[in-house]
Amino acid sequence: MELANIEKLIEKYDNAETSLKEEQVLKDYFLKSDVPVHLLEYKAYFNYFSESSTERFTKSIPLNSKKTNWKWLSIAASIALLVSVYFINDFGSISDEERLEAEKAYKETQMAFQLISQNLNKGNSVAIAGLQEFNKAQNKVFKTTKK
Amino acid sequence: MKQTDFLNTVLPFKDKVFRLAKRLLVSTDEAEDATQELYLKLWKNKNKLEDYKNIEAFAMTMTKNYCLDQLKAKRSNNLTLVHSNYKDNNISLQREIELKDSVSRVHELIETLPEKQKLIIQLRDVENYEFEEIGKILDLQPTAVRVALSRARKTIREQLIKQHNYGIS
């Protein structure tokens, strides 16, 4: 683009009468290296705008969703409650079969204990009879030594 | 509006929101915080968003208002350092260094502009909005936008030429 044209555009630009297209022409022109000396300050000016329009926002954008969290929490809590109630009821009730079996086992252990105690008593009486024999013999010995 | 719809309509202009916030708040960290905050606000109001014809313009307006509020809150808490009387008297600098430097100098010059002009320069020269759109975002007449823009551009140009001449002479 001719220099005269650029100068005209610049004048329009300073009066804010240029369209976006014309401003783009100016920006493109001043991005090139060969700019006449008397327009040098415009080079820095337009370069600055081209440069600063490339800046980007790099951080993440947080969108909090607390509402849904609460909903899920309440659902989980109610499920846990239902499950625990179900299990507690289950432990409280014992079926008839189980009770009969338990009684049978109780009787059998009782019989076993009785057997053990009878045999123990037998053993006891034998041992006591032995002791009495021993006492008799002892008495005889002590009588003889006293005399 | 579901999350994917929301992201599809709202994410394309996240960089513009960020750049506008940075233009006003200056620091990158604060601009990032502001952007996140603004998107959270948009997300909370996602059901009302469908009523707006131009969601992008609405978001830019929100950004502008939010940042100006932030600035107001900050200014009431802090003292500001202004160094408008600063002059670079080192005339032995080479021309090339001068030029490289002048890009960042443009940034400084824009910073010294009044907030309205800052906003308009950002929206027009960086984000390439039409005058009508800028008017909608800032709640101004397009002609008022034009006048303020012209004023801002001339101020920057004059300052640049001034500094440029210091460097040469």
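Q: Hi! Which side chain does B:Lys14 meet in a salt bridge?
A: Hello! The side chains of B:Lys14 and B:Asp15 form that salt bridge, at 3.8 Å from N to O. Keep in mind that this is a predicted model.

Q: Thanks. Is B:Asp15 buried or exposed?
A: B:Asp15 has a relative accessibility of 11%, so it counts as buried, the cut-off being under 20%.

Q: Which side chain of chain A does B:Asp15 meet in a salt bridge?
A: That would be A:Arg56, with 3.6 Å from N to O.

Q: Why would such side chains pair up at all?
A: Side chains of opposite charge can pair when their charged atoms come close.

Q: How many salt bridges does the rule find across the interface of chain B and chain A?
A: The rule finds 6 across that interface. Over all chains, a search of the whole structure gives 13.

Q: What does B:Arg124 form a salt bridge with?
A: Its partner is A:Glu23, and the closest N and O atoms are 3.0 Å apart. B:Arg124 sits in helix α7 of chain B and A:Glu23 in helix α2 (residues 20-31) of chain A, so this pair joins two chains.

Q: Are those two buried or exposed?
A: Both B:Arg124 and A:Glu23 are buried. For A:Glu23 the relative accessibility is 1%.

Q: Which residues are linked in a network of salt bridges?
A: The network links A:Glu23, B:Arg124, B:Asp125 and B:Arg153.

Q: Let's zoom out. How many residues are in contact between the chains?
A: On one side there are 42 residues of chain B, in contact with 34 residues of chain A. In chain B, the residues that lose the most area to chain A are B:Gln36, B:Val103 and B:Arg153, together 16% of what that side buries.

Q: What area do the two chains bury between them?
A: About 3500 Å², with 59% of it on carbon and sulfur atoms.

Q: Which helix gives the most to the side of chain B that touches chain A?
A: Helix α9 of chain B does, with 10 residues. The residues on that side of chain B divide into 19 nonpolar, 8 polar and 15 charged.

Definitions and conventions:
Residues numbered from 1 in each chain as written. Chains lettered and ligands numbered in written order. Predicted model: local features only at pLDDT ≥ 70, side-chain atom pairs only at ≥ 80, totals over all residues. Heavy atoms only, no water. Contact = heavy atoms within 4.5 Å. Buried area = accessible area lost by both parts, 1.4 Å probe. Salt bridge = Lys/Arg side-chain N within 4 Å of Asp/Glu carboxyl O. Helix = DSSP H or I, 4+ residues; strand = E, 2+ residues; numbered from the N terminus. Nonpolar A, V, L, I, M, F, W, Y, C, P; charged D, E, K, R; others polar. Buried < 20%, exposed > 50% of the residue type's maximum accessible area, 1.4 Å probe, protein only.
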